[in-house]
Amino acid sequence: MTYVTLMHSINKTDIAITDGTINIKHYPFPWYSYHNRSMLLGNLVRVEVDTGPGWMMPNKSASVNGVARDGSKILIVKNLRSMEQAKFIKQEIDKELDLKQNSL
């Protein structure tokens, strides 16, 4: 319980898009079931925002998911405290997707 409290109060998540790759990094404490990762922007056809019960969160939390070309969902980030955060992340990824699709 203490570890989860520390993660929720101290941890940061960076999402960066560089050279057509989305990089997601969590620090300073690693999430044991939610690792740092990268995904190719070109594998996504769209980005969605969802809400649901958050893990160890008192209320619903928001998440951002990508939808791959084969229709499968790819988690980008979850357990966001507000829908505004999720919508902002979606908006920024959508901008990059539009740039990528328009340059093909």
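Does Ser63 count as buried or exposed, and at what relative accessibility? Let's work towards that residue from the overall fold, keeping in mind that this is a predicted model.

Start with the chain as a whole. The protein has 2 helices and 6 strands, and reading along the sequence gives the pattern α-β-β-β-β-β-β-α. Its accessible surface is about 6,700 Å², with 55% of that belonging to carbon and sulfur atoms. Of the 104 residues, 33% count as buried. If you take the contacts between residues at least 6 apart in sequence, 37% of them join residues at least 24 apart.

Now step inside. In soluble globular proteins, nonpolar side chains tend to be buried together. Here, the largest nonpolar core holds 15 residues, and Ile22, Val64, Ile76, Leu80 and Ile93 touch the most other members. Two or more residues each come from strands E2 (21–27), E4 (44–53), E5 (60–68) and E6 (73–80), and from helix H2 (83–102). Helix H2 makes the largest contribution, 4 residues.

Beyond its neighbours within four places in sequence, Ile22 is in contact with Ile15, Ala16, Ile17, Arg37, Ser38, Met39, Leu41, Leu44 and Ile93.

That brings us back to Ser63, which is found in strand E5. Once its neighbours within four places in sequence are set aside, Ser63 is in contact with Glu48, Val49, Asp50, Val77, Lys78 and Ala86. So, to settle the opening question: Ser63 counts as buried because its relative accessibility is 14%, and the cut-off for buried is under 20%.

Key:
Residues numbered from 1 in each chain as written. Predicted model: local features only at pLDDT ≥ 70, side-chain atom pairs only at ≥ 80, totals over all residues. Heavy atoms only, no water. Core = buried A, V, L, I, M, F, W, Y, C linked by side-chain atoms within 4.5 Å. Buried < 20%, exposed > 50% of the residue type's maximum accessible area, 1.4 Å probe, protein only. Contact = heavy atoms within 4.5 Å. Areas by Shrake-Rupley, 256 points an atom, 1.4 Å probe, with all protein chains shown as cover.
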